[in-house]
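Thank you all for coming. Today I would like to walk you slowly through one model, and I ask you to keep it in view while I speak.

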Amino acid sequence: MTDTLMNIFTGLRLGFSRLMEENSDVTRDDRISKLPEPILHHILSFLHAKDAARMSTLSKVWDSAWNSLPYLNFGDKLFSKSKDIPRLLRAVDQALANRKKHKISIQKFSLWLPHYHELCYVSSWINMLIACNVKELNLEVNIPINKGICLYNSLPKVIFAAKALNVLTLEGFNIEFPTVDGVIKLSSLRELNLLYVFLDEQSMQALCTSCHNLEHLSLWCICGLASFQVGENSLPKLKKVNLEYCSSKFQLVDIAASNLEDLTIYSLDRSPKVVKITACKALKTLHLKGVNVTENWLEDLFNRLQNLESFNLTRCKDLKNMKITSGSLKWLTALRCGDLIAADLDTPNLLKLQFSFYPMSTFKLKASVLLEATLQLYPKFGTCGWHSKLMEFLANFNHSKAIKFSCFYDKEIVIPKDLRENLLPPLYGTNILHVTFQRQSNYSVVDIIDSMLWISPHLDTLSFTQAHSLKTVKFIYEDDKPCWRNKLKKVKLHKFTCMEKEKLRNSSLTNADILDEDEKPCCASLPWKCWRHTLKKVELQNFTLMEQEKMRNYFVANADLSEMIEISLD
């Protein structure tokens, strides 16, 4: 973004200079310079401070815009790239002193320091930022390491007097909140992000009791903290919490926040050991990764959280049985829970599902007909009867809107033909399938398509991705909205008189193409007609010429096409 903007402005400047040389009567006020100063500020806000300062050489208007710019970005490795650190430090000093002198409010200030030696300047800078009523402050400092031990940098205490501060992001510091009452004056703080910092229980408690307007709290790779506890009376406006990759010392999360809407807890070593989520009646989104979860805990969770709409559960290895009953849940993710043996999902309004399928004993699903499911397939080594178990699993999705399969080998979704004779197609009510696989075995594209058309015999769209290549097949039938006349193949009558049976038989023969089972053996044992009976045209995208030819032969041999297959390539 920065390089692109600089190229644009450089081009404009050169073009304007040439125009001035060719026509001395042209006014020196270019159109961009006539833009209101807030718009110029917005343009410069996308640049690093060094590049924004260079823009000041374009004209007096741009010079004024730079000197009053309320957005200063000295981050993104700027100091590590500089060959003259003292000069850069003076530039930061001058930029802040100038804004303090002219009483210019600073909306956002970002600073990244590669060495802790420069921290001696930070206190004076923070004082100037406070005088400029800074709204958003991002401070990042590299952490010195001695014999494998992180030596966190001391955070200047003056920062806790920033009354106007709305957003604070700190990285690489030892966070020690003042314990004396009245010293913490972060009354306007709405968002706090702490990354790679040392934070103990006492400082955490000071935070909870002082920042009453805090709405968003993010703790990432925190050391020193053993628990995170938020009571009903502390942080009353808290809406979003992120607790990610804290140290192994971190054991307890206990949250009772009535206005909390979004909670994320990620762990690498299955800590915290205890997670309590109570009184969070407004919670709508919950993400758990690597957290200890049991069947009873999960059931109790959904009994408490009646408004939960999105639930993400990843790498929770202790979970054996998953039972979820929720009328509010719309998005559910359950990935890499390898010890799961049974799942019962009573979720009638579920619209999105991501699920890792390992061969399990039972799976039950109640979801919306608009469900779009992404299914990751993991056949365990030595699994017997994988395809039979897969078909039993897929039968739960027979009326879903769309299904995406993700697997390692294509053979995992190619159903053996001898097995098809004894099973019903599981996705007879699903019209859209997508398959992603990393490696192709001995099966051809035709084999994959043939298997998918058996799994879902009324497909409208089939696509699959291999090696970052997306291939698509679209099926067009005789009637885009087929009624019963197009699909009816067989009628069974019970408890009708002989006369009624004769009349119904004549009516059925007149209104539908009822065929003798012997004439169409492809789906003789099924209660509906498959794609072979009504397929009219097939459109192919991104297939090779050889694949096109094989597919042409396949469809001509298996369907009564009314016209030739249409081939279209991107």
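What you see is a predicted model, in which local features need pLDDT of at least 70 and side-chain atom pairs count only at pLDDT 80 or more, whereas totals for chains, interfaces and linings use all residues. Residues are numbered from 1 along each chain as its sequence is written, and side-chain values use heavy atoms, with hydrogens and water left out.

The secondary structure comes to 15 helices and 30 strands, where helices (H or I, at least four residues) and strands (E, at least two) are DSSP runs numbered from the N terminus. Of the 570 residues, 45% count as buried; buried means under 20% relative accessible area, exposed means over 50%, and partly exposed is in between, with a 1.4 Å probe and protein chains only. If we take the contacts with a separation of 6 or more, residues 24 or more positions apart account for 57% of them, a contact being heavy atoms within 4.5 Å.

Let us look at helix α6, residues 85–101. Its 17 residues reach 24 Å from the first C-alpha to the last, close to the 24 Å expected at 1.5 Å a residue, the expected span being 1.5 Å times one less than the number of residues. Which residues of α6 are buried? They are I85, L88, L89, V92, A95, L96, N98 and R99, and what covers them includes α4 (60–67), β1 (71–74), α5 (78–81), β2 (108–113) and α7 (122–131). As a general point, an α-helix has 3.6 residues a turn, so residues three or four places apart point the same way.

Most residues other than glycine have a negative phi. K103 is exposed, with a relative accessible area of 77%. N133, in the loop between α7 and β3 (136–141), also has a positive phi, near 55 degrees, but N133 is partly exposed, at 38% relative accessible area.

Next come two helix pairs, for which axes are lines fitted to C-alpha atoms, over the stretch in contact, and angles run from 0 to 180 degrees between N-to-C directions. Helix α2 (residues 37–44) and α4 pack at an angle of about 70 degrees, with their axes 10 Å apart. α2 and α4 are therefore roughly perpendicular to each other, given that angles under 35 degrees count as roughly parallel, over 145 as roughly antiparallel, 65 to 115 as roughly perpendicular and the rest as oblique. In this pair, E37, L40, H41 and L44 of α2 meet V61, W62, S64, A65 and W66 of α4.

The second pair is α12 (residues 445–455) and α15 (residues 545–558), whose axes come within 9 Å and cross at roughly 40 degrees, which makes α12 oblique to α15. On the α12 side V445, V446, I449, D450 and L453 take part, and they meet E547, K550, M551, Y554 and F555 of α15. These residues divide into seven nonpolar, no polar and three charged, where Ala, Val, Leu, Ile, Met, Phe, Trp, Tyr, Cys and Pro count as nonpolar, Asp, Glu, Lys and Arg as charged, and the others, Gly among them, as polar. Finally, α12 is mostly covered, with ten of its eleven residues buried.
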